[in-house]
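The following account leads the reader through a single protein chain and the ligands around which it is arranged. Please keep the sequence and the coordinates in view while reading.

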Amino acid sequence: MPLPRCEITNAHTTLSARQPKAALRTGSNRRHWLWKGCFMLAIGATIGSLCAQRAPLAQGVDDVERLREVIHCEDCHQEIAREWRASGHARAWTNPAYRAFIAENPASEETCSPCHAPKIILSAGLNATPELRDAARERGVDCIACHADRDFVMHGPFQTRAPHKTQKDKRYRSVQACLPCHGQGRWFNQVDDWRASRYARLGITCQTCHMPRIERPSVQHWALPDVPRRATRRHTFLGGHDRELVRSAASLQVQIDDGAALVTVVNSATGHALPGAGWRAVVLDVVVEDERGTTVLHRRHVFDLDVHDNRLKPGERRDFRYALPIETGLVKAKLMYKLFSEWPDDKGMIMATREIRFQAR
Ligand code: HEC
Ligand code: HEC
Ligand code: HEC
Ligand code: HEC
Ligand code: HEC
């Protein structure tokens, strides 16, 4: 009996709905178990559909970019997919701010979208900006873009057995997985600052902060119950929209020192410049009030990349000293994070506030 080819194949590759591992282990007749495994899988909705997809693939999906039409990673990697869908990567191309810019400057689709709707990053190579994808741009930076190579092999951090080909690739544990889009030029670059920081020396990677670790199986599918629990990573890629992450980024202190207010801002927990992205801004706002609450001094400092990059480097501490114009009163300091530097301050997110009273001795 010929082996039923419950496999997604093309000239280079086999993307097979391989039988569950248990079947392989117990089966003395490997072919029989292959068949049985395949049959079992075929009744599973997803995997069944994988098998059913053999035809179109065999008919010439020889381009990995078309894999999106036939394989739905989210059918098996359900939790990872849920996390990704809520992330900036999923919205990279549909993002309203992004669409608005492209609508005004249609020619920039070609120059801007390579990172917002990329072809697989493994084809251009991890040191280069990706190429612009033709199809399914609305999927933004998706699973296939990050994980697949030209031969339909999914690169990842582990040694695994899966219904598709996999390859352990240590670059996925490192900053190299982010480099194609986050290590380019001046505006889209967290990598260079990170490399010069103590985080790099300590092996604290982009993933440590942006893909928190969680022990779980990487697959949730009833037909694949044997997938082991592993130290996986959340695909949330939280950034400037996440209050908790933003509040953790910096520390703020206020002291009274010899007739002056000493305000200190430290980039205490960001692995790169703060703010991380080009059009974000961090604003320090300091007010001194007298006993009646009247403002007697107001100072404002903006940290951004805009004209001259004055953002806080990783670990950097900045002190601001203001001579107190009165003897008794209150110093109030506020640190804010703005998604767009031109926004008014009241649209900003509060990162920290500090207050200290002072009086003549
Ligand atoms: C921006 C690139 C990127 C995108 C998009 C992405 N991943 Fe990942 N993925 C990674 C990196 C990097 C790792 C390894 C992280 C590590 O171990 O440090 C990883 C790890 C994994 C793993 C191994 C388990 C784990 O969590 O470590 C699986 C499975 C996986 N990804 C599946 C997916 C699926 C499915 C999608 C789409 C829903 C997806 N990935 C989207 C970069 C990405
Ligand atoms: C080299 C890859 C790359 C290119 C090219 C690129 N971007 Fe981006 N874009 C990114 C990355 C990475 C981010 C995430 C934040 C950052 O690093 O600045 C981003 C974020 C954005 C955001 C912010 C979305 C938000 O909600 O905060 C906008 C808007 C944007 N890009 C517009 C553009 C425009 C317009 C162009 C073309 C002029 C462009 N990008 C070209 C990689 C790129
Ligand atoms: C039919 C179910 C199924 C589908 C569909 C599926 N995967 Fe997987 N995948 C698995 C299983 C099972 C593993 C092994 C998990 C383990 O042992 O931790 C795996 C492992 C992986 C890994 C980890 C590789 C490694 O060596 O670290 C990545 C990355 C991955 N898949 C990406 C994808 C992407 C991208 C897609 C969509 C193109 C996809 N998978 C579709 C079942 C599936
Ligand atoms: C193929 C290009 C590409 C790769 C590879 C990539 N990113 Fe991104 N990333 C983007 C783009 C584009 C955006 C902007 C999305 C948007 O419009 O908000 C972004 C946004 C982000 C954000 C901000 C999300 C938000 O909500 O504001 C974080 C954090 C991030 N990426 C982390 C990573 C990490 C960590 C890696 C490596 C594991 C990585 N990225 C790999 C293109 C990429
Ligand atoms: C020690 C933790 C840490 C490390 C390591 C780290 N980051 Fe961040 N990252 C943060 C924090 C906190 C923020 C939010 C504040 C800000 O915008 O800088 C952030 C912000 C970002 C943003 C901007 C998101 C936005 O919406 O504007 C991007 C993009 C990003 N990081 C990518 C990376 C990449 C790529 C690496 C690896 C080179 C990396 N990060 C390493 C903590 C870290």
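The paragraphs below take up the chain as a whole, then its ligands, then its strands and some backbone details.

This is a predicted model, in which local features need pLDDT of at least 70 and side-chain atom pairs count only at pLDDT 80 or more, whereas totals for chains, interfaces and linings use all residues. Residues are numbered from 1 along each chain as its sequence is written, while chains are lettered from A and ligands numbered from 1 in the order in which they are written.

The mean pLDDT of the chain is 85, and 83% of its residues reach 70 or more; pLDDT is the predictor's confidence in each residue, from 0 to 100. Over residues 1-60 the pLDDT stays under 50, and the model has 87 contacts beyond four places in sequence for that stretch. Two residues are in contact if their C-beta atoms, placed from the backbone, lie within 7 Å. Where pLDDT is low, the predicted coordinates should not be read in detail.

The secondary structure comes to 15 helices and 15 strands. Helices (H or I, at least four residues) and strands (E, at least two) are DSSP runs, numbered from the N terminus. Of the 361 residues of the chain, 33% count as buried. A residue is buried if 20 or more other C-beta atoms lie within 10 Å of its own, exposed if 12 or fewer, and partly exposed in between, with C-beta atoms placed from the backbone. Among contacts between residues at least 6 apart in sequence, 61% join residues at least 24 apart.

The ligands come next. Around ligand 1 there are 23 residues, of which H77, C143, C146, P157 and T232 come nearest. A residue is near a molecule or strand if its C-beta atom, placed from the backbone, lies within 6 Å of it. At least two residues of this shell come from each of α5 (73-76), α6 (78-85), α10 and β8 (229-233). By class, the shell around ligand 1 has 11 nonpolar, eight polar and four charged residues. Here Ala, Val, Leu, Ile, Met, Phe, Trp, Tyr, Cys and Pro count as nonpolar, Asp, Glu, Lys and Arg as charged, and the others, Gly among them, as polar.

Ligand 2 is surrounded by 19 residues, and C112, C115, Q184, F188 and A277 are the closest. This shell divides into 11 nonpolar, eight polar and no charged residues. The buried residues of α8 are S113, P114, C115 and H116, and they pack against α7, α11 and β6 (188-189). Ligand 2 lies between domain 2 (73-233) and domain 3 (243-358), because both give residues to its shell. The domain bounds come from an automatic or database domain assignment.

Around ligand 3 there are 31 residues, with C73, C76, G156, F158 and A162 coming nearest. Its shell draws at least three residues from each of domain 1 (1-62) and domain 2 (73-233). By class, the shell has 19 nonpolar, nine polar and three charged residues.

Attention now turns to the strands. β11 and β12 pair in the antiparallel sense over eight bridges, and nine bridges join β11 to β14 (residues 329-338), also antiparallel. Two strands pair if DSSP finds at least two bridges between them. Within β11, which spans residues 281-289, V287 has K332 as its bridge partner in β14 and H298 as its partner in β12. The hairpin of β11 and β12 has five residues between the strands, and in it G293 takes a positive phi near 90°. V302, in β12 (residues 295-303), is partly exposed, with 15 other C-beta atoms within 10 Å. V302 touches A281, V283 and S341, not counting residues up to four places away in sequence.

Some backbone details remain. The peptide bond from L274 to P275 is cis, with omega near -5°, and P275 is found in the loop between β10 (260-266) and β11. F152 has a positive phi of about 65° although it is not a glycine; F152 counts as buried, with 23 C-beta neighbours inside 10 Å. D258, also not a glycine, has a positive phi of about 55°, but D258 is exposed, with 8 other C-beta atoms within 10 Å.
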